Amino acid sequence: MFKKLRSSASQLGGIVIANPYPVDNVEIIPAPLPDKVVLPLQQRMGDEAIACVKVGDKVLTGQVIAQTQDAFCVSIHASISGTVVAIDAQTIPHQSGLKSKCITIKSDGKDEWIEHKGHADFLYDSPQVLVDYIQQSGVVGLGGAGFPTHAKFNKIKPCHTLIINATECEPGIMCDDALMQHYAHEVIRGVEILLHISGANQAIIAIENDKQKAYQSLLTLNHNDKINIVKIPTKYTSGAEKLLIKFLLDIEIPANKFAVDEGVICQNVATTKAIFDAVIDGKPLISRIVTVTGDGVTQPNNFEVRLGASFAHIVALAQPDNHPHDSRMGGMMMGVDVKTLEIPICKVTNCIFINHTKAKPSIQECIRCGQCNQVCPVGLLPQQIYWYAKGENTDKAMDYNLDSCIECRCCDVVCPSHIPLTQYFSFAKALHRQKTQGQKKVDIARERFEFREYRLERNKTERAEMMARKKEELKQKMADDKVQKDKIAQAMARVGKNKK
Ligand code: SF4
Ligand code: SF4
């Protein structure tokens with residue numbers, strides 16, 4: 001059925017890291033309603049949404065509170081019922097402790113919903129109607145990237161394959177595993193909605209082979225011939241979009257292209273469930289499942305929590321111990337450290353790590369062991385790129401395909417010298433962008449100058465030509481006038497002669 005399926009785990013690259021904090025029973029524990037929620041207006045891929053409520057307004061759960069016309073933005077909804085108490089800058093989940101404009105709602109404790117109605121007979125709706133509905137329901141990629149879901153369907157190329165990324169390959173995160181076990185029906189129906197919208201011939205749900213319960217749950221409830229549930233080897237980076245496409249379909253997506261350019265659309269499995277909620281139940285995205293884990297909590301598990309509730313609100317449910325902690329948002333490999341737990345849960349918050357504060361190992365010189373080269377899932381030579389990145393020779397680093405680095409940190413993990421290779425690569429990419437943008441600016445300024453010179457020269461030539469033309473016309477006119485005058489004089493002379 002598939003264009004080409006691979007079978008060897010080694011072809012995936014990457015590294016095997018078991019969940020360091022496994023739990024016996026993967027659950028979804030509903031978090032209590034928070035006292036307040038803080039909802040950022042800044043969108044991951046687009047502009048800041050504009051608030052359509054003001055301080056003092058009463059709002060219902062699911063009510064639109066901010067909107068924008070930006071094609072990459074989605075509507076923002078109240079995640080609890082209550083009163084808008086502030087629209088101001090608040091600390092948002094970001095490594096730098098950045099502040100951004102947010103709407104704060106104080107709960108009335110009632111959780112009263114707006115009226116909502118879904119499209120249960122979605123097959124009678126056109127794909128565009130459903131895409132608009134998904135946008136209005138605030139659905140974005142819940143896997144961590146936050147890419148607006150509707151934007152993947154505004155494509156030019158027809159889609160032949162839909163891939164549902166259920167790999168959840170980052171060690172420690174288990175929210176998608178729990179979602180598939182508890183919402184298998186919703187996931188399968190969500191895939192059917194996406195098949196209708198995309199017009200794809202087939203859908204592949206890709207799931208790592210250590211998620212046996214989730215796999216069985218999906219398999220039991222899938223009765224659609226177009227949907228295939230495929231187990232892939234448990235290995236970190238198996239879920240990276242381009243690698244997954246290569247593994248499942250043997251289609252290579254070049255560095256400067258997207259999956260949609262090759263007729264493939266990828267959606268995260270939790271996003272697929274959010275699409276079911278939006279389309280079938282008419283419910284906007286107002287909550288998500290978050291894993292809270294790490295050696296600093298006594299009960300790691302998954303919690304279903306309202307968007308905008310604080311990290312502290314659900315970390316408390318996992319019972320942190322009394323040791324000093326470091327907090328991290330996202331996976332232990334690709335996540336980022338955060339300075340405080342008084343920041344709101346966002347659509348992309350899939351995991352919170354609470355770990356005991358540990359001393360960082362000291363960085364040593366590269367011993368050229370080559371281990372980093374062996375684990376790179378995209379076949380780069382991190383050791384080589386490191387030398388150029390360190391020397392800020394970004395052109396050379398680009399010659400070694402720095403731009404294909406997915407910043408997965410596999411090379412960091414195996415490096416016996418504890419060199420933060422990915423940090424160097426991330427810095428080198430930014431530096432190269434800056435340099436090329438700087439060069440671009442210089443090129444544009446030069447082009448502008450050259451064009452101005454050309455324009456001035458052309459004006460001068462045109463002016464000279466015009467003057468010459470006018471002079472010629474004047475000369476011609478004077479010659480014509482003289483001929484005319486001569487003719488008149490001759491005629492007058494003839495008349496005078498005749499009179500005599
Ligand atoms: S070079 Fe980039 S893609 Fe390769 S292992 Fe290192 S971080 Fe990952
Ligand atoms: S793993 Fe570290 S020490 Fe070994 S070659 Fe790569 S950068 Fe050098």
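Predicted model: local features only at pLDDT ≥ 70, side-chain atom pairs only at ≥ 80, totals over all residues.
Figure 1. The shell around ligand 1 comprises 13 residues, of which C376, C405, I406, C408 and C411 come nearest. Two helices, helix 11 (410–414) and helix 12 (421–499), each contribute at least two residues to this shell. Classified by residue type, the shell around ligand 1 contains 10 nonpolar residues, one polar residue and two charged residues.

**Figure 2. Surroundings of ligand 2**. The residues around ligand 2 are C366, I367, R368, C369, G370, C372, Q383, C415, P416, S417 and L421. Seven residues of this shell are nonpolar, three are polar and one is charged. Among the residues that surround ligand 2 are the cysteines C366, C369, C372 and C415.

**Figure 3. Division of the protein into domain 1 and domain 2**. Taken over C-alpha atoms, the centres of domain 1 and domain 2 are separated by 43 Å.

**Figure 4. Interface of domain 1 and domain 2**. Contact between the domains involves nine residues of domain 1 and 10 residues of domain 2. The size of an interface is often given as the accessible area lost when the parts come together. For domain 1 and domain 2, the area buried between them is about 630 Å², with 77% of it on carbon and sulfur atoms. On the side of domain 1 that touches domain 2, six residues are nonpolar, three are polar and none is charged. Across the interface of domain 1 and domain 2, zero salt bridges are found. Two residue pairs are in polar contact across this interface, both at pLDDT 80 or more.

**Figure 5. Salt bridge of D111 with R306**. The count of salt bridges in the model comes to 15. One of these joins D111 to R306, with the closest N and O atoms 2.8 Å apart. The two partners belong to distant parts of the chain, 195 residues apart. D111 lies in the loop between strand 8 (99–107) and helix 1 (127–136), while R306 belongs to strand 14 (residues 301–306).

Notes: Residues numbered from 1 in each chain as written. Chains lettered and ligands numbered in written order. Heavy atoms only, no water. Near = heavy atom within 4 Å. Helix = DSSP H or I, 4+ residues; strand = E, 2+ residues; numbered from the N terminus. Nonpolar A, V, L, I, M, F, W, Y, C, P; charged D, E, K, R; others polar. Domains from an automatic or database assignment. Contact = heavy atoms within 4.5 Å. Buried area = accessible area lost by both parts, 1.4 Å probe. Salt bridge = Lys/Arg side-chain N within 4 Å of Asp/Glu carboxyl O. Polar contact = N/O pair within 3.5 Å; in protein donor to acceptor, adjacent residues only side chain to side chain.
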